[in-house]
Amino acid sequence: MTDVISPPAISAAGSPSAPPYDPRLTNDDLAPLKDQRWGSYNIFAFWMSDVHSVGGYVTAGSLFALGLASWQVLVSLLAGITIVYFFCNLVAKPSQMTGVPYPVICRSVFGVLGANIPAIIRGLIAVAWYGIQTFLASAALDVVLIKLFPALAPYAVVEDYGFAGLSALGWVSFLTLWVLQACVFWRGMESIRRFIDFCGPAVYVVMFLLCGYLISKAGWSAIDLNLGTVTHTGLDALPVMLGAIALVVSYFSGPMLNFGDFSRYGRSFAAVKRGNFLGLPVNFLVFSLLVVITASLTLPVYGELITDPVETVARIDSTFAIVLGALTFAIATIGINIVANFISPAFDFSNVSPQRISWRAGGMIAAVGSVLITPWNLYNNPDVIHYTLETLGAFIGPLFGILIADYYLVRKQQVIVDDLFTMSEKGAYWYRKGYNPAAVIATVVGAVVAMIPVLFNDAPGMHTTAQYSWFIGCGLGFAVYHLLATRTRLAVRVPENHSPRRESRLISMFIKVINPNTTWSMTATIEACARAVTAPGTRLEAVSPRMGPASIESHYDEALAVPGVLAEILRGERDGADGFVIACFGDPGLDAAREIATGPVVGIAEAAMHTASFLGRGFSVVTTLGRTTGRARDLAERYGLRDACRGVHACEIPVLALETDPDARKIVTEACFDALGSDGSDAVVLGCAGMADLCAQISADIGAPVIDGVAAATLTVQSLVTLGLTTGKRGEFAAPPVKPYSGLLAPFGRAEGTRG
């Protein structure tokens, strides 16, 4: 498990508060996330948006025109994208575990002030690519406008109606998309998530339609996976294949480095890895095959090989098809532009001066800068394009290598989150006046050496070497930093107040809270109450089972809820959950869950009753319906608290009515007040997870402690995981014997698939 050190800060009211972070290093956008909701599909969609663009289409198609056989190209594609997949998982983990973006995690490497060095480098690179991608998307929009309004065609000629190298129509399209992207970005990450969830799949639909259209014109026999003559065979093909692998890695080097800006939103590292697998090896190969099939069919249909998807779409006779296709590619290119070249510089520039530059302001700095560099002039010359790509690799490579060396070899996957926001010599990441000399030296060495073959491209052998600039920079950055950080006087310093004992006990964790009923609105309430007490660095996911009753108000309901609870426990095990909360006062399936879970499992009745026993000599339970009071008494006896539980009282409010009855809080409050008087109790336990959000107000109204089992169970699990404790597995709670189950229960027979 990765150790992410972040002790909880507790306010006077007893709930977590924001740590005392230095304002010179933090704002709301840079601070650790507590709400990490992205699942595997969201990460998958991120990569689809990154791959499914005009630039991605042209890049994939170009590999099939290198003079290699198709199988050699596919091997190169698979090797290159597998490298990207592996590196993306490496760079994703520190940000996902800490909940902070790339420039903040870089503070552990470069120092709290030195992190501005990689942030500015990456931000400036993103400015250039933001403009280039916007220009590519605007070219697709030009096609649509000319098709719909042929009279606009003369205004697309730069020589007749042009300014600063771009036609009048080009300016209109460019600025239109510039504003559109800014609007999407300005609405925030949730809107961006929905946008990229749409973009990638939309391109697939158009690609399949375009491919089907060309097949209908040329026939299946016209498909040829070789876009050119095979000129490299045997060992002669190996250098070309290696160059193709390097091109794939270089193309993704930007998103690969800034992937932590997105993995921080992942609900678990396992979800991020699944999304990466689907979005990179699987998705990239399918997309590449679609590209080469589509491109190969343009030769028999149009008499020439076309590798630009916008031009291919423009040749179709149907106006509707042209508009649909061109707009889709334009929207998809906007998708990659936002995720790769808008969000990242937003974090980068905000990191430079958090109180003066918000995340939105940082993004707009990049957007304005992209216009000033006239990106169309950077993209109209093949030599300039290659020079730009190789320079990008030379500077990004060292930053990547240094981060990996520090996090995995030097730090041993330990990050003290609070010290990322500490402007003090006592902080672990202060180094020398806020800068880590080892990281700065390694960056300079890696970038300078990697740039030599780029600058001297015409010298013998340099042209071939330049395409490996990313690998050269990455390898040198990795090696030089590791050497300086571990074997010289520039060794990384860990302050005395952060002893190994403290680091091993204060760890990041993933807690899964399971509401055994299937009412998602109640799950949302439960989640909010659980999140209110989690410490910084703790990730929490609240779920309802995919099967079960809408509410649990009888033994029958409880029995039928258990399979759904156990299914969620098994899913949590696969996702790497460190502990579980069963958020129903009957604690359904608690013993069975403890058998199959690796981490601790706590029920809310158990946690609430034990918590109440710390607060006085006796407590009362206030629950929903009278028919459930017997279950509450049984649990009190089981947990050894029969004498402490002085009474169980029912409000006679159905579980779901807690959300809809306007008098619910009043009725529950009165029942709690009456219970204190009739039982002579010192505290009240709320006997339903649906009452969790009423706790604080009722406590204030009746002037006595009121315990919400959701909060109590969440903090109990958090404490057990911090202490490194879990359920004993030597006896009753050992993993259940492996055996077949029949019918609907067949999947539950796969106990060997659990971590337990």
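Axes are lines fitted to C-alpha atoms, for helices over the stretch in contact, and angles run from 0 to 180 degrees between N-to-C directions. Helices are DSSP runs (H or I, at least four residues), numbered from the N terminus. The model is predicted: local features need pLDDT of at least 70, side-chain atom pairs count only at pLDDT 80 or more, and totals for chains, interfaces and linings use all residues. Residues are numbered from 1 along each chain as its sequence is written, and side-chain values use heavy atoms, with hydrogens and water left out.

Helix α22 (residues 520–531) packs on helix α30 (residues 709–722) at about 50°, with the axes 8 Å apart. The crossing is right-handed, meaning that the near helix is turned clockwise from the far one by less than a right angle. Ile 526, Cys 529 and Ala 530 of α22 meet Val 710, Ala 711 and Thr 714 of α30, where contact means heavy atoms within 4.5 Å. Five of these residues are nonpolar, one is polar and none is charged. Here Ala, Val, Leu, Ile, Met, Phe, Trp, Tyr, Cys and Pro count as nonpolar, Asp, Glu, Lys and Arg as charged, and the others, Gly among them, as polar.

A second pair is formed by helix α28 (residues 664–679) and helix α29 (residues 695–702), whose axes come within 10 Å and cross at roughly 50°. These two helices are therefore oblique to each other. α28 passes α29 in a right-handed crossing. On α28, the contact uses Arg 665, Val 668, Thr 669, Cys 672, Phe 673 and Leu 676; on α29, Gln 697, Ile 698, Asp 701 and Ile 702. Six contact residues are nonpolar, two polar and two charged.

Helix α12 (residues 269–302) has 34 residues. From first C-alpha to last, α12 reaches 47 Å, close to the expected 50 Å, which is 1.5 Å times one less than the number of residues. A kink of about 40° is centred on Asn 283, the bend being the angle between axes fitted to the seven residues ending there and the seven starting there. Just after α12, Gly 303 takes a positive phi of about 85°.

The axes of helix α1 (residues 40–51) and α12 come within 7 Å and cross at roughly 35°. This crossing is right-handed. Contact residues include Trp 47 of α1 and Asn 283 of α12. The α1–α12 contact divides into eleven nonpolar, five polar and one charged.

Definitions and conventions. Parallel < 35°, antiparallel > 145°, perpendicular 65-115°, else oblique.
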